[in-house]
Amino acid sequence: MELEKFKELHARFFGKELPEAVTASEEYDAYIEAIHDDEACYNWATAEKLKAKGFDFESYCCLMLADKVYQSLDEEGEIKYDDPDVIINKWDEGLYGIPIHDGGASMVVINYCPWCGHKLSK
Ligand SMILES: [Zn+2]
């Protein structure tokens with residue numbers, strides 16, 4: 001999908017309570033598909049979301065990592081240790097890890113971004 005077209009659909013659909021007539025439409029389907037399959041659309045929509053939340057996504061190697069780190073934090077910016085949806089953690093020391101959901105705070109430290117392969121140096 002053209003990014004311009006996507007932006008137009010995003011303005012109409014994002015963050016709104018949509019009637020079923022809309023969510024069942026081909027346009028809406030195409031919009032949802034573009035978020036998942038079109039990298040340019042995904043990156044733009046994710047950057048918009050993180051910008052709106054005041055999250056410093058530009059310090060990350062890619063938007064995928066920025067978004068997953070954002071999702072790992074609660075409203076106070078603290079790591080959510082007991083949320084099974086959290087797939088990556090970032091610590092203040094610049095360490096990244098994959099949490100092990102065993103009820104504790106254990107994790108596997110990773111040195112490369114799982115999405116873009118960038119070295120996650122301190
Ligand atoms: Zn990355």
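The protein chain is assigned two domains, domain 1 (1-54) and domain 2 (57-122), with bounds that come from an automatic or database domain assignment. The model is predicted: local features need pLDDT of at least 70 and side-chain atom pairs count only at pLDDT 80 or more, while totals for chains, interfaces and linings use all residues. Residues are numbered from 1 along each chain as its sequence is written.

**Domains**

- The centres of domain 1 and domain 2, taken over C-alpha atoms, are separated by 25 Å.
- Five residues from domain 1 and five residues from domain 2 take part in the contact, where two residues are in contact if their C-beta atoms, placed from the backbone, lie within 7 Å.
- On the side of domain 1 that touches domain 2, two residues are nonpolar, two are polar and one is charged; Ala, Val, Leu, Ile, Met, Phe, Trp, Tyr, Cys and Pro count as nonpolar, Asp, Glu, Lys and Arg as charged, and the others, Gly among them, as polar.

**Sheet**

- Three strands form an open sheet in the order E1-E2-E3, with antiparallel pairing; strands (E, at least two residues) and helices (H or I, at least four) are DSSP runs, numbered from the N terminus.
- E1 and E3 stand at the edges with a single partner strand each, so one side of each is left without a neighbour in the sheet.
- Strand E1 (residues 89-90) is joined to strand E2 (residues 96-99) by two bridges; two strands pair if DSSP finds at least two bridges between them.
- Lysine 90 has tyrosine 96 in E2 as its bridge partner.
- Five residues lie between the strands in the hairpin of E1 and E2, where glycine 94 takes a positive phi near 85°.
- Four bridges pair E2 with strand E3 (residues 107-110) in the antiparallel sense.
- Opposite tyrosine 96 stands isoleucine 110 in E3, and opposite proline 99 stands methionine 107 in E3.

**Nonpolar cores**

- The largest nonpolar core has seven residues: Tyr60, Leu63, Leu65, Ala66, Val69, Ile88 and Tyr96.
- Such a core is a set of buried Ala, Val, Leu, Ile, Met, Phe, Trp, Tyr and Cys residues joined through C-beta atoms within 7 Å; a residue is buried if 20 or more other C-beta atoms lie within 10 Å of its own, exposed if 12 or fewer, and partly exposed in between, with C-beta atoms placed from the backbone.
- Helix H5 (residues 63-71) gives the most to the largest core, with four residues.
- Leucine 63 touches Asn43, Thr46, Ala47 and Phe57, not counting residues up to four places away in sequence.
- Phe6, Tyr31, Ala34 and Ala45 are among the five residues of a second, separate core.
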